[in-house]
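Dear colleague,

I am handing over the structure below, together with some notes on what turned up when its atoms were examined. Please look through it first and then read on.

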Amino acid sequence: MILKNSQYLLSGERFTMCLGIPGRLVAWLDRDPLLARAEVEFAGVRRVCHLACVPEAEVGDYVLVHAGVAIRRVDSAGAERLIAEIDPVMRAEPREGDDAIR
Amino acid sequence: MQFVDEFRDQAAVIAAIQAIRLRASRRWTLMEVCGGQTHALLKSGIADELEDLIELLHGPGCPVCVTSTERIDAAIGLAQRPGVLLTAFGDMFRVPGSQMSLAGARSAGAAVRPVYSPLDALAWAQRNPRQEVVFFAVGFETTAPATALAVLQAERLGIKNFSVLAAHVCVQPAMEAILGAPDNRVQAFLAAGHVCAVVGYRQYAELAARYHTPIVVTGFEPYDLTIGLLACIEQLESGRCDVQNCYPRVVAEDGNPSALRIVSQVYETCDRDWRGFGLLRGGGLRIRPDYAEFDAERRFAMPAEKAEEPGRCRGGEVLSGRIKPTACAAFGIECTPDRPLGAPMVSSEGACAAYFHYRGLRLPHSAAPRQVQS
């Protein structure tokens, strides 16, 4: 399903404007600051993407690709930080009278 | 971790929804700025699930939808010139201009081609040096790095037959216009995650404070969205109005400095006409004079035209959150994704298309009596 989704989303005919797809950097092809390109894997589908906006990315990193260009390196610590931050809110005890709301 | 499946986990989403139920003491009105989020909220069922506690107003974050009819006509005009190939994102193809859409122009013989990336358009130009290749650059700050990069690469590689018709829009002036409107109902914003991936969110602090409105940056997966909604509710219930980042795996406070450098090398801000908003100060990006040779507007000396917005489409009101798509009499009857009257029914980020696809079984309010009568 995800595989099919990636192929669908990567085709020109069906482009979602602000969609960014996270993919794993498999191999650098060119590290020139302007022409930087790398092979990026999206759930099994590999595609050459432009990496001029994420020159710091290394093989194995996830990058967020939009319109063929990686616009951010995905911060895995950031993902875990969010889960840690949100956890207390999720575990909040219902306040008095909340039962009435459901 | 692949940064997709983990954020679609049903149990986590349900837990977040329950947390919202516990926290909300009343019904709040929120706006998700980005059309991608509108679609995700409707498709996942989150919008329906929380309807009694959260009224969602759908924001203007659909670049295809806010692109003015004049810009579309200009692109069609270019495509009709002999020797020109107009390339654009597939989403733009069926958006009606004043006379026809790009797809219509293509069937009438104009050279138009959908591409996934502006860099693909550049590669096409490199392979076909006798063809003038123009890329129709529609998109928010998310997309601007890609089109700016195409210009910089064209310059570096000495590709002379490539240019860009800039129609980029910047989202913050639209958020400001919404909050500043006398009839504004938005109490908190879900900010567009992928716009913030590029530009960051530091600049929102002033806006949040001035209008006393929480702004929460979030992503596009169901978990991201519910967490974003929860953060909004938490702030509203406790009387805060902070800028909060619920998408830290992708968004940093200062955005992506490398991408911003590339964008500001090629583009400068300008005033731009938005469908539904009119002229927004600082609402767009245009190509700097240094890169004039890659600016389709300067290269082809295009006539300034003033086009009327399509009369029966209420897309402008939908885009500014004033009405829901179903309040439009044409919704689902005269106007469908196959025969759209306006852009919000065409685009994969348009609110009308989202309602049509994901709320198909509900009769539109204004349509119901008519169907009974007939």
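What follows goes through chain A, then the cores, aromatic rings, cysteines and one arginine of chain B.

Please keep in mind throughout that this is a predicted model, and that the values below are computed from it.

**Chain A**

Chain A contains two helices and five strands, and when these are read along the sequence they follow the pattern α-β-β-β-β-β-α. Of the 102 residues in chain A, 47% are buried. If one takes the contacts in this chain between residues at least 6 apart in sequence, 37% of them join residues at least 24 apart.

One residue of this chain that can be followed in some detail is A:E41, which belongs to strand β2, residues 37-42 of chain A. Leaving aside residues up to four places away in sequence, A:E41 touches A:G23, A:R24, A:V26 and A:R46, and with A:R46 there is a polar contact of 3.1 Å between the two side chains. A:D61 lies 20 residues from A:E41 in sequence, and the C-alpha atoms of the two are 11 Å apart in space. Elsewhere in the chain, the charged end of A:R31 sits over the ring of A:W28, at 4.0 Å from its centre.

**The nonpolar cores**

The largest nonpolar core consists of 102 residues, and those with the most contacts inside it are B:L86, B:L102, B:F136, B:F162, B:F189 and B:Y267. Helix α8 of chain B, residues 144-157, supplies the largest share of this core, with eight residues. Another core, of 44 residues, lies apart from it and has B:A24, B:L225, B:C335 and B:Y355 among its members.

To see what surrounds one of the residues named above, consider B:L86: with residues up to four places away in sequence not counted, B:L86 touches B:A75, B:L78, B:A79, B:L102, B:A111, B:V112, B:R113, B:V134 and B:F136.

**Aromatic rings in chain B**

Over all chains, the structure holds four aromatic pairs. One of them is formed by B:F89 and B:F135, an edge-to-face pair with 5.2 Å from centre to centre and 80° between the planes. This pair links distant parts of the chain, since B:F89 is in the loop between β3 (84-88) and α6 (102-107) of chain B while B:F135 is in strand β5 (residues 132-139), 46 residues apart. B:F89 is buried, with a relative accessible area of 0%, and for B:F135, likewise buried, the relative accessible area is 0%.

Another pair is that of B:F140 and B:W274, which is tilted, with 5.9 Å between the centres and 50° between the planes. B:F140 lies in the loop between β5 and α8 of chain B and B:W274 in strand β10 (residues 267-274), so the pair ties together parts that are 134 residues apart in sequence. Both B:F140 and B:W274 are buried, and together with B:F277 they form one aromatic cluster.

A charge over a ring is found in chain B as well, where B:R26 lies over the face of B:W28, at 3.9 Å from the ring centre.

**Cysteines in chain B**

Over all chains the count of disulfides comes to one, and it is formed by B:C62 and B:C65, whose sulfur atoms are 2.3 Å apart. The torsion about their S-S bond is about 65°, so the disulfide is right-handed. Both partners are buried, B:C62 with a relative accessible area of 2% and B:C65 at 1% relative accessibility.

B:C328 is buried, with a relative accessible area of 10%. B:C352 is in no disulfide either, the nearest cysteine sulfur being that of B:C335, 6.3 Å away; B:C352 counts as buried at 10% relative accessibility.

**A buried arginine**

Finally, B:R249 is placed in the loop between β9 (243-245) and α13 (257-266) of chain B. Although an arginine, B:R249 is buried, with a relative accessible area of 4%, and its side chain makes a polar contact of 2.8 Å with the side chain of B:D224.

With best wishes

Methods:
Residues are numbered from 1 along each chain as its sequence is written. Chains are lettered from A and ligands numbered from 1 in the order in which they are written. This is a predicted model: local features need pLDDT of at least 70, side-chain atom pairs count only at pLDDT 80 or more; totals for chains, interfaces and linings use all residues. Side-chain values use heavy atoms; hydrogens and water are left out. Helices (H or I, at least four residues) and strands (E, at least two) are DSSP runs, numbered from the N terminus. Buried means under 20% relative accessible area, exposed over 50%, partly exposed in between (1.4 Å probe, protein chains only). A polar contact is a pair of N or O atoms within 3.5 Å; within protein, one must be able to donate a hydrogen and the other to accept it, and residues adjacent in sequence count only if both atoms are side-chain atoms. A disulfide is a pair of cysteine sulfur atoms within 2.5 Å. A nonpolar core is a set of buried Ala, Val, Leu, Ile, Met, Phe, Trp, Tyr and Cys residues joined through side-chain atoms within 4.5 Å. Contact means heavy atoms within 4.5 Å. Rings of Phe, Tyr and Trp (its six-membered ring) pair if their centres lie within 6.5 Å; planes under 30 degrees apart count as stacked, over 60 as edge-to-face and the rest as tilted. A charge sits over a ring if NZ of Lys or CZ of Arg is within 6 Å of the ring centre and within 35 degrees of the ring normal.
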